[in-house]
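Trainee: I've just been handed this one and could use a guided tour. Can we take it step by step?

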Amino acid sequence: MSYLKKAAVRRAVALIALVLLWEGLSRAGVINPFYAPPPSEVLRVVITLFVERTIFTHLEATFFASLVGLGVGLALGVVLGFAAALIPWVADVLEPIMLLLNAIPRVILAPLFVIWLGIEMPSKIALAVVLVAVLIFFAVYNGIKDVNQLLVDRVRTLGGGRRVLLREVYIPSVTAWVLGSLKVAVGFAFTGACVGEFVAATRGLGYLLQFAQSTYNAALTMALIFLIMAFVLLLFFCAEAVERRLLRWRYRGSGARAA
Amino acid sequence: MLRVIDLAVGYNHEPVIEKINLEVGAGSFVSLVGPSGSGKTSILRAVSGLLAPRAGRVELEGGSGSLGFLFQDDALLPWRSARENVALGLRIRKYSRPAAESEADGWLRRLGLGGFGGRFPHELSGGQRKRVAIAQILALKPKLLLMDEPFASLDAIVRTRITQELLDWVEREHLSVLLVTHDLEEALTVSDRIYLLSEGPPARVIRSYDVPIPRPRDIFSSRKHADFNPLLERLWRDMSAAMNLSEAAAAR
């Protein structure tokens, strides 16, 4: 058995042992089920949420806000990043704002977005957009600034002008940087949507989580935490698939041979 | 083919080279040797137009379109296959994609890389990448090759093999070459003329040497030519003297 397989088996065994231990201790009354309900109870709540179809409206709200926020944030980050890297006065104006936004925990803007945009979807999307756009802005801006000068010289000595440089060097180089940040961006978009819902909303996983917390429903809280983890992981895998597809030049197996 | 007249270049306020005069005749192989940091690469960059001269001028027959520049690093686009990399220069010259790629395949075959066209640079060995870079340049049918220590990173066997192949190609096609190298033996083996630069900055040409070894050349038999060792000794002595002189100046 390879080391990786052995490690996977060890992890699975440890996880199952932990769940069984938690279940046993909770049932035996060693830990208070009010604070830490047994895994079987958490699982029952998850199943109920789906069987009674109560979860779907919340899932729809959170996914919509996350994905729209991700798309708009990506587009905005790319446009602003290119503008700042290629037009000096844009960089002068944008860099301090972006540095400031990058330095603060951007979720503190959530109450302001609620005041400005109301408790419905737009305030959640706005928070996801801000979280994603700042990340992508720096990916693009640094991607262009750190572009391999040798490749620029190569294309110029082959006779390429600005358009060819943009197409052959800058855009692919920036794409690699942006895709490298895509997984983090997906997590940020989901965070933006959930935190926005947590602050003030009428539906969404964040809203449901806030409801569970205010009613001291630990089983529902845990069920939602696991659900959010599962969905973020699912989006992570989708982002990774996109990255591998678009950066296949980087991932394809190495077959180097002697000259 | 190429005349460099009173050329001076620098970065910011620092002069790197000044009053450089040199000539590369049609079909001749010229090398620039000198201590590290003497601005050899800057001369090539100025000739290719990558660097604007502060003074002097570059006269090039056929303009920049007749130039091919082989860098020390292979500088292939990592997101393009070997075929697309070779085709890039042709596409810039308005070849259609199928025409450029079929031409690129022909060049890859000629350089012993038939069947490797679909591979990305990271899937090739150092020697193979270097051949792709050579194919990329030769596909544009340059009249003058600028080479900046192009094989320095290769191991001895691959380096010798590729150097000989390129030498054969240059002789067969009557190409002119301006090679930058710090390897005096390599310079003597391949060149018709060698320019020695002083240790800058600012560096200048302090001497030139004609190498009377007949063509076509073979890397191994060139070294057995009667003029090879005396010339090598002279080059060594002159370069050491140039370096001692600047060390003495620095010590003062």
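Predicted model: local features only at pLDDT ≥ 70, side-chain atom pairs only at ≥ 80, totals over all residues.

Trainee: Now for the two chains together. Which element gives the most residues to the side of chain A that touches chain B?

Mentor: The contact involves 20 residues of chain A and 23 residues of chain B. On the chain A side, the elements giving two or more residues are α7 (149–157) and α8 (162–199). The top contributor, with six residues, is α7(A).

Trainee: And how many residues on that side of chain A are charged?

Mentor: By class, that side of chain A has nine nonpolar and five polar residues. The charged ones come to six.

Trainee: Over to chain B. What is its radius of gyration?

Mentor: The C-alpha atoms of chain B fill a box of roughly 60 × 45 × 30 Å along the principal axes. For 252 residues, a compact globule would come out near 18 Å, and chain B agrees with that, at 19 Å.

Trainee: What share of the residues in chain B is buried?

Mentor: Chain B is built from eight helices and nine strands. Among its contacts with a separation of 6 or more, 69% are between residues 24 or more positions apart. Of the 252 residues in chain B, the buried share is 46%.

Trainee: How is chain B split into domains, and how far apart are the centres?

Mentor: Domain 1 of chain B takes in 2–61 + 143–251, and domain 2 takes in 75–142. Taken over C-alpha atoms, the distance between their centres is 27 Å.

Trainee: Which element gives the most to the side of domain 1 of chain B that touches domain 2?

Mentor: That contact takes ten residues from domain 1 of chain B and seven residues from domain 2 of chain B. On the domain 1 side, β6 (144–148) and α5 (156–173) of chain B each give two or more residues. With three residues, the one that gives the most is α5(B).

Trainee: You mentioned β6(B). Are its residues buried or exposed?

Mentor: L144(B), L146(B) and D148(B) point one way from the strand, while L145(B) and M147(B) point the other way. In a regular strand, side chains alternate between the two faces of the sheet. Whichever way they point, these residues of β6(B) are all buried.

Trainee: Which residue is the bridge partner of M147(B) in β7(B)?

Mentor: On one pairing, β5 (residues 67–70) of chain B runs parallel to β6(B) with four bridges, and G68(B) stands opposite L145(B) there. In the other, β6(B) pairs with β7 (residues 176–180) of chain B, also parallel, over five bridges. Within β7(B), the partner of M147(B) is L179(B).

Trainee: Let's look at α2(B). Which element of chain A do its buried residues pack against?

Mentor: Helix α2 (residues 82–92) of chain B is mostly covered, with nine of its eleven residues buried. Among them are R83(B), E84(B), V86(B) and L88(B). Within chain B they pack against α3 (97–110) and α4 (126–138), and from chain A they meet α8.

Trainee: Last one, on confidence. Which element of chain B has the highest mean pLDDT?

Mentor: The model scores ipTM 0.85 and pTM 0.78. Chain B averages a pLDDT of 87, with 97% of its residues scoring at least 70. Among its elements, the lowest mean, 80, belongs to α8 (residues 228–251) of chain B, and the highest, 93, belongs to α2(B).

Conventions. Residues numbered from 1 in each chain as written. Chains lettered and ligands numbered in written order. Domains from an automatic or database assignment. Contact = placed C-beta atoms within 7 Å. Nonpolar A, V, L, I, M, F, W, Y, C, P; charged D, E, K, R; others polar. Rg over C-alpha atoms; globule rule 2.2 N^0.38 Å. Buried ≥ 20, exposed ≤ 12 C-beta atoms within 10 Å, placed from the backbone. pLDDT = per-residue confidence, 0-100. Pairing = 2+ DSSP bridges.
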